[in-house]
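Subject: Structure handover

Hello,

Here is the structure I promised to pass on. Please open it alongside this email; my notes follow below.

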Amino acid sequence: MKILVLGSGQLARMMSLAGAPLDLIVKAYDVGTENIIHPLTGEIYEQDLQTSVDDVDVITAEFEHIPDDVLELCCKSGKFYPGKQAIKTGGDRAIEKALLDEVNIPCAPYKLISEKSHLIEAVATLGRPLVIKTCQAGYDGKGQWRLKSDEQIDQIWSEMTDFIATGSTNQPHTVIAEKMIPFCREVSVIGARDKYGNMAIYPVTENEHTNGVLTLSIARELCEKIQSQGELAFKKLATKMDYVGVLAIEFFDVNGTLMVNEIAPRVHNSGHWTQQGCASSQFENHMRAVCGLPLGSTELLRPSAMINVLGQSSIPTQVLNTSEVLSHWYGKSQKPGRKMGHINISASSNEKLGTKLEALAKILPQSDYPGILKASALLKG
Ligand code: ATP
Ligand code: MG
């Protein structure tokens with residue numbers, strides 16, 4: 001089968017790698033250049049979007065910020081999964097929050113803001129500190145403000161109006177204020193739903209962010225209470241959206257109770273460990289779901305972890321020389337803080353995974369990965 005992925009970054013690349021053994025052939029649409037390209041080599045195909053849409057069997061997406069006209073064209077073909085509504089929901093925090101409220105899943109208390117008086121009201125009703133986020137276009141913690149005191153209101157409002165002003169009638173820009181949640185950790189749940197409503201859900205992943213960017217994910221057996229809350233939220237959301245493909249949900253763990261942070265209608269960075277920790281990775285299961293194939297196993301084979309390589313020029317040789325550590329390098333141009341690749345680590349026990357993370361912490365720059373030593377100590381018990 002032939003699949004067109006909207007977006008041509010590392011997620012399309014890894015879908016292509018995962019699809020190949022099943023003869024699922026992936027092409028990618030670069031939204032910036034409007035070229036159809038090979039997701040691994042970057043080779044440009046002499047094909048426009050409409051021709052490619054007609055040519056493939058299935059269309060999917062690697063991100064949610066897709067221009068409306070592209071989304072329309074793909075939806076018209078009847079081949080697009082997970083569908084326009086799911087993409088819109090993941091790409092707009094206001095729509096996302098409305099969905100969470102509708103299916104009664106707890107999330108951070110919030111207020112939508114389009115005037116200064118709304119911001120003042122948000123401070124009065126939600127209290128301080130607040131996390132203020134653009135509803136559209138945010139990623140990796142970009143497009144966010146932290147409001148800790150009333151003195152910041154004027155400054156943040158003036159920066160917010162700049163964002164609101166760049167919206168258009170077709171694509172209005174709005175902002176949301178959220179109560180700052182005092183979580184004990186962040187976790188995510190990733191799973192797949194097929195066209196017939198079957199679902200396969202991976203074990204809950206624990207995530208560590210540094211400066212708003214994911215740096216470390218760990219997958220190990222967690223208590224049943226956390227897993228079942230995550231699965232329930234997944235099932236409610238995926239069913240409500242009649243979702244097809246892989247869906248990711250980020251949560252705050254507040255003393256054992258999960259609260260949704262956000263949802264991503266796609267494969268997700270916190271699920272990269274599945275490439276090594278499960279028989280079927282999130283990329284393979286996404287391909288299977290959108291292509292109408294049975295879903296693969298999401299069982300955790302061995303405790304696993306993933307470290308994002310941010311802004312580096314290459315993966316250190318010592319990392320490449322470490323056993324049970326597999327490196328993925330995306331071939332992107334180097335920029336400070338950019339996700340350049342990731343490292344997956346597996347071991348036969350939590351303790352051994354902790355020892356491996358400790359060894360990696362000695363190789364990787366400590367300033368970029370402050371959470372690794374803490375995580376390794378936790379795993380070693
Ligand atoms: P990404 O695309 O990497 O998931 P994002 O730009 O979509 O990031 P969020 O996930 O909403 O942004 O926020 C980034 C991080 O900021 C969260 O992982 C969390 O650490 C922190 N954060 C966001 N909202 C809140 C909140 N309401 N309370 C406490 N911390 C928050
Ligand atoms: Mg997030």
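L6 has A61 in strand 5 as its bridge partner. That bridge belongs to the pairing of strand 1 (residues 2–6) with strand 5, which is parallel and runs over four bridges. Please keep in mind that this is a predicted model.

Both strands sit in an open sheet of five strands, ordered 4-3-2-1-5, with mixed pairing. Strand 4 (44–45) and strand 5 (58–61) are at the edges. Each has a single partner strand, so one side of each lacks a neighbour in the sheet.

Two helices meet this sheet. Helix 1 (residues 10–19) packs on the sheet and touches strand 1, strand 2 (25–30) and strand 5. The direction of helix 1 makes about 170 degrees with that of strand 2. Helix 10 (residues 282–290) lies across strand 1, strand 2 and strand 5. Helix 10 runs at about 140 degrees to strand 5.

Four strands form it, in the order 6-9-7-8, and the pairing is antiparallel. Strand 6 and strand 8 are the edge strands, each pairing on one side only. On average, neighbouring strands here are turned by 20 degrees against each other, direction ignored.

The pairings read as follows:
- Strand 6 and strand 9 run antiparallel and are joined by four bridges. K111 stands opposite A177 in strand 9.
- Strand 7 and strand 9 pair in the antiparallel sense over five bridges. I132 also stands opposite A177.
- Strand 7 and strand 8 pair in the antiparallel sense over four bridges. L130 stands opposite L147 in strand 8.

Helix 5 (residues 93–102) packs on this sheet and touches strand 6, strand 7, strand 8 and strand 9. The direction of helix 5 makes about 145 degrees with that of strand 6. Helix 6 lies across strand 6, strand 7, strand 8 and strand 9, at about 170 degrees to strand 6. Strand 9 is mostly covered, with four of its five residues buried.

Helix 7 (residues 153–165) deserves a look too. It has 13 residues and reaches 18 Å from its first C-alpha to its last, close to the 18 Å expected. Which of its residues are buried? In helix 7 they are I153, I156, W157, M160 and F163. These cover an arc of only 115 degrees around the axis, so they lie on the same side of helix 7. The buried residues of helix 7 pack against strand 6 (110–113), helix 6 (116–126), strand 7 (130–134), strand 8 (144–147) and strand 9 (175–179). The face turned away from the buried side carries the exposed residues D154, D162 and A165.

Between helix 7 and strand 9 there is a loop, and N170 is found in it. N170 is exposed, with a relative accessible area of 69%. The C-alpha atoms of N170 and D68 are separated by 8.9 Å, though the two are 102 residues apart along the chain.

E250 is in strand 14 (residues 245–254) and E262 in strand 15 (residues 257–264), twelve residues apart. E250 is buried, at a relative accessible area of 12%. E262 is partly exposed, at 21%.

Best wishes

Notes
Residues numbered from 1 in each chain as written. Chains lettered and ligands numbered in written order. Predicted model: local features only at pLDDT ≥ 70, side-chain atom pairs only at ≥ 80, totals over all residues. Heavy atoms only, no water. Expected span 1.5 Å × (residues − 1). Buried < 20%, exposed > 50% of the residue type's maximum accessible area, 1.4 Å probe, protein only. Arc of directions from axis to C-beta. Contact = heavy atoms within 4.5 Å. Pairing = 2+ DSSP bridges. Axes fitted to C-alpha atoms, helices over the stretch in contact; angles between N-to-C directions.
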